[in-house]
Amino acid sequence: MDSWFARSRSPRTIVIWLTLYLAVAANWPLWSELARIGGAPSVYLPSIALMALLTLCGTVAILSFTAWTRWMKPLWFGVVVLAAVVQHYMLSYRVVMDPSMLANAVQTDPNEVRDLLSWRMVVNVLLVSALPAWALWRVRVEPQPFVAQAWRNAVLLLAAAAVAAGGALAMNRQLAPLMRNNVHLRYMMNPMASIYSGATVAIRPMFKHSRKLVPVAGGAALGTSYAGQVKPPLFVLVVGETARADHFGLNGYARNTTPELAARHVLSYGDVHSCGTNTLASVPCMFSPLGKQDFEARKNDYENLMDVLQASGLAVFWLDNQAGGCKGVCDRVPHASAFQNLEPSVQAALCDGDECLDDVMLRGLDERLAALPAERRNKGVVLVMHQMGSHGPSYFKRSSPDVKRFLPECTTNALAECSHAELVNGYDNSIAYTDRFLGKTIDWLQGQSRRFDPALIYLSDHGESLGEYGLFLHGVPYGFAPEVQKHVPMVTWFSDGMKARRKLSSTCMEAGSDAALSHDNLYHTVLGVMDVTTPTYKPSLDALASCRGDNVASN
């Protein structure tokens with residue numbers, strides 16, 4: 001071994017050896033996934049050989065841009081650490097590092113980062129990176145003239161591309177269906193996929209100046225229900241976080257995770273699907289007038305539901321219990337973080353640093369309401385509360401001790417260290433806490449009935465995997481994400497005053513609670529509830545349109 005280090009090595013030799021090492025040490029999720037898909041060795045071994053060839057060539061091609069001098073050693077080591085960290089999370093949570101997942105990770109706040117750190121991660125990263133770190137420290141890089149290095153690096157790049165293209169063409173019959181039916185495999189090629197996703201996320205903002213904001217709030221106005229109104233409407237929209245529909249007791253779950261909501265006679269919609277599988281994808285989409293398909297294909301940014309409500313003359317306010325914020329949805333309307341400027345007693349009771357239980361959003365709500373412009377408030381109020389909800393992996397932090405009915409629960413962020421039962425207990429306790437939070441919110445709304453006609457809609461942004469199919473957390477690309485990451489709970493509550501105001505039929509709404517809905521319906525349903533007229537409103541996507549006024553009799 002010492003003799004190998006005695007000679008200077010060209011940067012290209014080091015890059016090739018580094019690529020071979022990473023293919024073996026940092027791609028176990030890819031190899032195991034190929035074995036799972038293939039089943040028999042006669043099927044998966046050729047797939048592994050082909051994907052190994054593509055991974056090797058792709059990584060060599062990328063690293064050929066770094067094959068220069070000894071000053072590249074820190075960069076090479078950084079690539080090793082990146083590959084080690086990505087492999088840890090792929091193995092621990094069965095995620096893939098596509099651009100959407102990486103963008104979501106970049107926007108993760110320090111508290112969420114802390115939840116994802118563990119000694120297991122440190123050990124796993126050291127196991128992968130210790131040997132190449134020692135080797136990179138020992139090896140001497142052969143100095144070469146700039147021009148000579150440039151053309152040799154170009155040859156290496158072209159050779160890697162040619163070999164990859166040749167292999168793909170030679171085995172296209174096997175490769176095409178494999179990649180078409182398993183799109184996620186391309187994002188498991190480590191570190192190539194992470195570097196590609198990182199570059200995509202980094203470069204995308206550079207072109208953001210070319211995207212214009214398309215107005216959609218023009219023509220927004222208040223409907224006839226506001227003429228001579230006795231009391232203005234007060235509508236609360238709770239944006240849930242990481243809640244699964246199948247873990248809501250209201251939807252038939254074996255455990256009674258939602259007793260507070262059941263006691264308040266809410267209506268639960270059992271067949272609702274999200275726009276995305278992570279917050280960054282779902283929240284802007286669910287507030288958009290475009291719908292999932294057009295939203296994902298858009299070339300420009302668009303105003304959203306919050307802009308339309310504000311343009312109509314209503315008082316609008318976004319209250320956030322996530323450091324990651326509203327993902328741009330609330331940028332043009334009044335908004336605040338619920339955990340800022342808290343009294344020390346509240347901070348001690350509900351918060352761990354800047355991470356707070358959702359009850360913190362109920363503190364000082366009367367004062368927040370009173371601070372809204374009186375002219376707008378007298379017309380009507382829309383309050384959006386963005387939950388911390390059931391955000392993982394530290395589910396045990398998402399509930400207070402007095403609601404922890406399902407024990408023992410997983411009390412670590414290293415989910416592999418917990419049994420499945422403990423993991424589910426921790427998650428179900430977080431759902432039970434959301435249930436109590438929503439119950440308290442409804443109680444607060446009922447207390448406002450003297451001055452307002454109140455109503456509430458709760459809708460989660462996406463679901464969560466709890467070990468099904470070996471998957472954890474969320475963020476799997478939508479096309480092949482499991483149902484549990486897309487099937488989300490939706491709950492409505494209307495006061496008698498709001499029902500009378502909007503002529504809502506309880507019987508009709510109950511009959512329609514089994515309808516297939518999605519995030520596409522939220523924009524139009526909220527506009528219908530608030531009686532805001534706008535050219536972008538589509539009655540066919542309003543989940544309650546058929547249950548209002550004269551429409552009830554015609555259905």
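1. What share of the contacts in the protein chain with a separation of 6 or more is accounted for by residues 24 or more positions apart? In this predicted model, such residues account for 78% of those contacts.

2. As to overall dimensions, the C-alpha atoms of the protein chain fill a box of roughly 90 × 50 × 50 Å, taken along the principal axes. The radius of gyration is 27 Å, which agrees with the value near 24 Å that a compact globule of 555 residues would have.

3. The secondary structure of the protein chain comes to 23 helices and 19 strands, and 55% of the 555 residues count as buried. The chain exposes about 23,900 Å², of which carbon and sulfur atoms supply 61%.

4. Helix 11 may be examined on its own: its twelve residues, 192–203, reach 16 Å from the first C-alpha to the last, which is close to the 16 Å expected at 1.5 Å a residue. Within helix 11, the residues Met192, Ala193, Ser194, Ser197 and Val201 are buried. As background to such a list, an α-helix has 3.6 residues a turn, so residues three or four places apart point the same way.

Technical notes
Residues are numbered from 1 along each chain as its sequence is written. This is a predicted model: local features need pLDDT of at least 70, side-chain atom pairs count only at pLDDT 80 or more; totals for chains, interfaces and linings use all residues. Side-chain values use heavy atoms; hydrogens and water are left out. Helices (H or I, at least four residues) and strands (E, at least two) are DSSP runs, numbered from the N terminus. The expected span of a helix is 1.5 Å times one less than its number of residues. Buried means under 20% relative accessible area, exposed over 50%, partly exposed in between (1.4 Å probe, protein chains only). The radius of gyration is taken over C-alpha atoms; the globule rule is 2.2 Å times the number of residues to the power 0.38. Contact means heavy atoms within 4.5 Å. Accessible areas come from the Shrake-Rupley method with a 1.4 Å probe; for residues, only the protein chains shown count as cover.
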